[in-house]
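Me: I'd like to learn how to read a model like this one, feature by feature. Can you walk me through it?

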Amino acid sequence: MENKVHKPVLSISLLCAGKKPEETRKSLDSLLTIKEKIDTEIIIVDTGCDDSMKEMIGRYADQIIPFSWCDDFAKARNAGLSECSGEWFMYIDDDEWFDDTTAIASFFNSGEYRDYDYAGYYIRNYYDSEGSDYDNFFGARLSRLTSDTRFEGKIHEYLTTCTGKFKRLDCFAHHYGYVFRSPEEHFAKAMRNIKPLREMIKEDPGNLHWYQQLEQELISIKEILGLKELCEDMIQRLDKYDEPEINKIRGDFYYGKLQADIQSYQYDETITDYNKYRKDRRNNGLCRAAMDFIVSVAFYEKKDYERSLNYSEKYADIYLKLKGCDDSDSVIADMSTLNTRDVFDRRHLYVLLSALIVSGIKLNRREVVHKFFPMLDKVKTDGRQFALI
């Protein structure tokens, strides 16, 4: 009688460098709560653990894959992926962990996973050690496991099989990887990321994803000249196309150029560029909201409170329209790009509401102050994702 090889429902692969033992323990403990509920295997890729960390991960892993670090995240992830045998695949970093994995377990236990091709959940990126300042980033971290499943990218790697029917899981993982001890530490990390991104652009100049990732890094460290040059070049290169995905990406670089303008305090140039970019009929609603946000700040800084209020309300109108759609999260996700996806997050809302309130005071518009002041306090203190509605 032929012995059948066991095939678990889910394979989870984790990269472990052993730099943050306590966070790694939290990560692995949370993965065990998945393994307790569904048939799961845990594959750990050891990218540089010391002996004590090797001993710890050995208590959790079904298999440990030694990997000599070579500054290539895709190669490291593919090393773990190659040993996975599940129907589905999930990946996570050793400094991310869940408080509640019920949504993931239910997705598989219910059999719902058979109706989808890939899935994701929020990663809550914190910017202070207290956990009070954060953004929620949505990551596609689960996929059907096929012979074509693989990672690409030395840095900011991604799964190539995240296409088809998508499921948004109602859970999030904590991540403190963006808490820096100093601006110098932040700058150094960004520069370490920028180098391989430039290498990948040279090796694969047709992959627009790497240009967007480079844009994100340049925005984060306010490298204005490089950001301006990149965005102007990409806007020109993409101008001749009129395709849904290209149109989204072009809008991303419109947003990046406006960021370069306003980060260099060139408010008149911000307004000039906005007036040029907003006429592009190919922009979607999220792109328009992102541009409305920036130009409202530019007018605010120029003390033109009437126009600042006007464009803040345009931003809010788009927000309310999109949030009023059926399955609004999916609608917004379909419209978003790497750099516009956070335009309705807590940070943007806080800046917008502050500008609205001050503009209302300056213009003696009491109804504006009465409407938005309670919302400002909620954004500041609530500790949860905030909505205008």
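Me: Is D117 buried, partly exposed or exposed?

Reply: Some ground rules before that. This is a predicted model, where local features need pLDDT of at least 70 and side-chain atom pairs count only at pLDDT 80 or more, while totals for chains, interfaces and linings use all residues. Residues are numbered from 1 along each chain as its sequence is written, and side-chain values use heavy atoms, with hydrogens and water left out. Now the general idea: buried means under 20% relative accessible area, exposed over 50%, and partly exposed in between (1.4 Å probe, protein chains only). D117 comes out at 27% relative accessibility, so it counts as partly exposed.

Me: Which residue does the D117 side chain meet in a salt bridge?

Reply: In general, side chains of opposite charge can pair when their charged atoms come close. The cut-off used here is a side-chain nitrogen of Lys or Arg within 4 Å of a carboxyl oxygen of Asp or Glu. D117 pairs with R144, at 3.7 Å from N to O. D117 sits in the loop between α4 (102-109) and β6 (118-126) and R144 in strand β7 (residues 134-144), so this pair ties together parts that are 27 residues apart in sequence. R144 is partly exposed because its relative accessibility is 30%. Helix and strand labels come from DSSP runs (helices H or I, at least four residues; strands E, at least two), numbered from the N terminus.

Me: How many salt bridges does the structure hold?

Reply: There are 27. K248 counts as buried, because its relative accessibility is 17%. Salt bridges can also share partners, and that joins K228, K257, D261, E269, D273 and K276 into one network.

Me: What about strand β1: how many of its residues are buried?

Reply: Seven of the seven residues in β1 (residues 10-16) are buried, so the strand is largely enclosed by the rest of the structure. L10, I12, L14 and C16 point one way, with S11, S13 and L15 pointing the other. For strand partners, the rule is that two strands pair if DSSP finds at least two bridges between them. β1 runs parallel to β2 (residues 40-46), with seven bridges, and S11 stands opposite E41. β1 also runs parallel to β4 (residues 88-93), with six bridges, and there S13 stands opposite Y91.

Me: Which residues touch the most other members of the largest nonpolar core?

Reply: A nonpolar core is a set of buried Ala, Val, Leu, Ile, Met, Phe, Trp, Tyr and Cys residues joined through side-chain atoms within 4.5 Å. In the largest, with 61 residues, the answer is F253, Y315 and F344. Helix α10 (residues 285-301) gives this core its largest share, eleven residues. A second, separate core has 33 residues, including L10 and L14.
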